[in-house]
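Please walk me through this structure, from the order of its elements down to single residues.

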Amino acid sequence: MLNTQTLLLAHHGTAGALLAEALAFDLAVPGQTRIVHLLVVPDLWAGMQGDDWLNNASTRDTFGSYVEGLLEKDVAEQLRALQARCAERGIAYKSVARYGDPAECLIETAQQEGATLAVIGPPRPKGKPGYRSRMNLELLVRKLAVPLIVANHPQ
């Protein structure tokens, strides 16, 4: 039997993350499970400056602030939405937003939050539209100290 007392859910609003969410809700026990929602802004965004078309520092700074604002808004929306869905099901909720490498953030958060289980979404299939976030599964298998479940795409 899986220990679902503190379930770490990596979720950033993609189709794969929604599959992980559905699996987490199937595993969670209302009144007993706490879902720790980990939303990682991958460090690949650090280089988004638009240098190829922005021709001065002021314009680059303005563009950078714009991108940061969009990311902050998206993160806040994702956190509120999942918090509401947990509340509807009687599941305790905590959010953790991080910036960095997704696998490293998941490993660190699992340890810091005392996770007993981690759930992530599957890789996006080739040819499907959307954001392709890369999770380093080899690193997770080597360093994650709790069971990891990867949700499947429906057949």
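**Strands, helices and a few residues**

Strand 1 and strand 2 run parallel to each other and pair over five bridges. Within this pairing, Leu7 stands opposite Ile35 of strand 2, and Leu8 stands opposite Val36 of strand 2. The model is a predicted one.

Both strands are well covered. In strand 1, five of the five residues are buried. Thr6, Leu8 and Ala10 point one way from strand 1, while Leu7 and Leu9 point the other way, and all are buried. Strand 2 has eight of its nine residues buried, so it is largely enclosed by the rest of the structure.

Read from the N terminus, the order of elements is β-α-β-α-β-α-β-α-β. The chain has 155 residues, of which 37% count as buried. Among contacts with a separation of 6 or more, 80% are between residues 24 or more positions apart.

Ala24 is found in helix 1, which covers residues 15–27. Is Ala24 buried or exposed? Its relative accessibility is 0%, and because buried means under 20%, Ala24 counts as buried. Leaving aside neighbours within four places in sequence, Ala24 is in contact with Leu7, Leu9 and Ile35. Leu7 and Leu9 are the residues that point the other way from Thr6, Leu8 and Ala10 in strand 1, and Ile35 is the residue of strand 2 that Leu7 stands opposite. Thr4 is 20 residues from Ala24 in sequence, and their C-alpha atoms are 9.0 Å apart in space.

Helix 3 spans residues 102–113. This helix has twelve residues and reaches 16 Å from its first C-alpha to its last, close to the 16 Å expected at 1.5 Å a residue. The residues of helix 3 that are buried are Pro102, Ala103, Cys105, Leu106, Ile107, Thr109, Ala110 and Glu113. What covers them includes strand 1 (6–10), strand 2 (34–42), strand 3 (92–100), strand 4 (117–120) and helix 4 (137–143).

Both ends of helix 3 have a local feature. At the N-terminal end, Asp101 caps the helix, with a side-chain oxygen 3.2 Å from the backbone nitrogen of Ala103. Just after helix 3, Gly114 takes a positive phi of about 65°.

Not counting residues up to four places away in sequence, Glu113 touches Thr6, Arg34, Val36, Lys94 and Val96.

How many aromatic pairs does the structure hold? The number is zero. A charge over a ring is found, however: Arg89 lies over the face of Phe25, at 4.0 Å from the ring centre.

Terms used. Residues numbered from 1 in each chain as written. Predicted model: local features only at pLDDT ≥ 70, side-chain atom pairs only at ≥ 80, totals over all residues. Heavy atoms only, no water. Phe/Tyr/Trp six-rings, centres within 6.5 Å; stacked < 30°, edge-to-face > 60°. Lys NZ or Arg CZ within 6 Å of the ring centre and 35° of its normal. Helix = DSSP H or I, 4+ residues; strand = E, 2+ residues; numbered from the N terminus. Buried < 20%, exposed > 50% of the residue type's maximum accessible area, 1.4 Å probe, protein only. Contact = heavy atoms within 4.5 Å. Expected span 1.5 Å × (residues − 1). Polar contact = N/O pair within 3.5 Å; in protein donor to acceptor, adjacent residues only side chain to side chain. Pairing = 2+ DSSP bridges.
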